[in-house]
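Hi,

Here is the structure I said I would pass on.

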Amino acid sequence: MKTQPTPDSALQGEGNYTAARRHRRSTEAFVKSGKVTDAADKAAPRDDKEAQVLEDAERVGKQKARK
């Protein structure tokens, strides 16, 4: 017996609009909270070596995305 998907989990055309709306609201709340700068500081590379690793990974990812 198949069960009907709930509105929150149902694919709605091009995507799940309920999930998109929930994500947008939580993102807006995070931005308004004033914690963006702190989060960015915590996410920043700790040293030059880590920065280079991140740059290398980004370059590889972009090369794969172009194919």
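**What I found**

D56 is partly exposed, with 27% relative accessible area; the classes here are buried for under 20%, exposed for over 50% and partly exposed in between (1.4 Å probe, protein chains only). Its side chain meets that of R59 in a salt bridge, 3.2 Å from N to O. By salt bridge I mean a side-chain nitrogen of Lys or Arg within 4 Å of a carboxyl oxygen of Asp or Glu. R59 is partly exposed too, at 46%. D56 and R59 are three residues apart in helix α3, so about one helical turn separates them.

Before the rest, some housekeeping. This is a predicted model, in which local features need pLDDT of at least 70 and side-chain atom pairs count only at pLDDT 80 or more, while totals for chains, interfaces and linings use all residues. Numbering starts from 1 along each chain as its sequence is written, and side-chain values use heavy atoms, with hydrogens and water left out.

On confidence: pLDDT is the predictor's confidence in each residue, from 0 to 100. The chain has a mean of 86, and 79% of its residues reach 70 or more. Where pLDDT is low, the predicted coordinates should not be read in detail. Within the chain, helix α2 (residues 36-43) has the highest confidence at 96, and helix α3 (residues 48-66) the lowest at a mean of 92.

The overall layout is quick to describe. There are three helices and zero strands, in the order α-α-α along the sequence. Helices (H or I, at least four residues) and strands (E, at least two) are DSSP runs, numbered from the N terminus. Of the 67 residues in the chain, 6% are buried. The accessible surface comes to about 6,400 Å², with 55% of that belonging to carbon and sulfur atoms; areas come from the Shrake-Rupley method with a 1.4 Å probe, and for residues only the protein chains shown count as cover.

Back to the charged pairs: the salt bridge count comes to three. Another one joins E58 to K62, with the closest N and O atoms 3.3 Å apart. Both residues lie in helix α3, four residues apart, about one turn of the helix. E58 is partly exposed at 46% relative accessibility, and K62 is partly exposed at 44%. E50 also forms a salt bridge, with R46, and there the closest N and O atoms are 3.3 Å apart. In that pair E50 is partly exposed at 24%, whereas R46 counts as exposed at 74%.

Now for helix α1. What does its span look like against the expected one? α1 has 17 residues and reaches 24 Å from its first C-alpha to its last, close to the 24 Å expected at 1.5 Å a residue; the expected span is 1.5 Å times one less than the number of residues. N16 caps the N-terminal end of α1, with a side-chain oxygen 3.1 Å from the backbone nitrogen of T18. After α1 comes G34, which has a positive phi, near 85°.

F30, in helix α1 (residues 17-33), is partly exposed at 37% relative accessibility. Together with V31 and V36, F30 makes a nonpolar surface patch of about 240 Å². Patches are made of residues with over 30% relative accessible area and no salt bridge, with like charges joined within 9 Å and nonpolar side chains (Val, Leu, Ile, Met, Phe, Trp, Tyr) within 5 Å.

Cheers

Conventions:
Polar contact = N/O pair within 3.5 Å; in protein donor to acceptor, adjacent residues only side chain to side chain.
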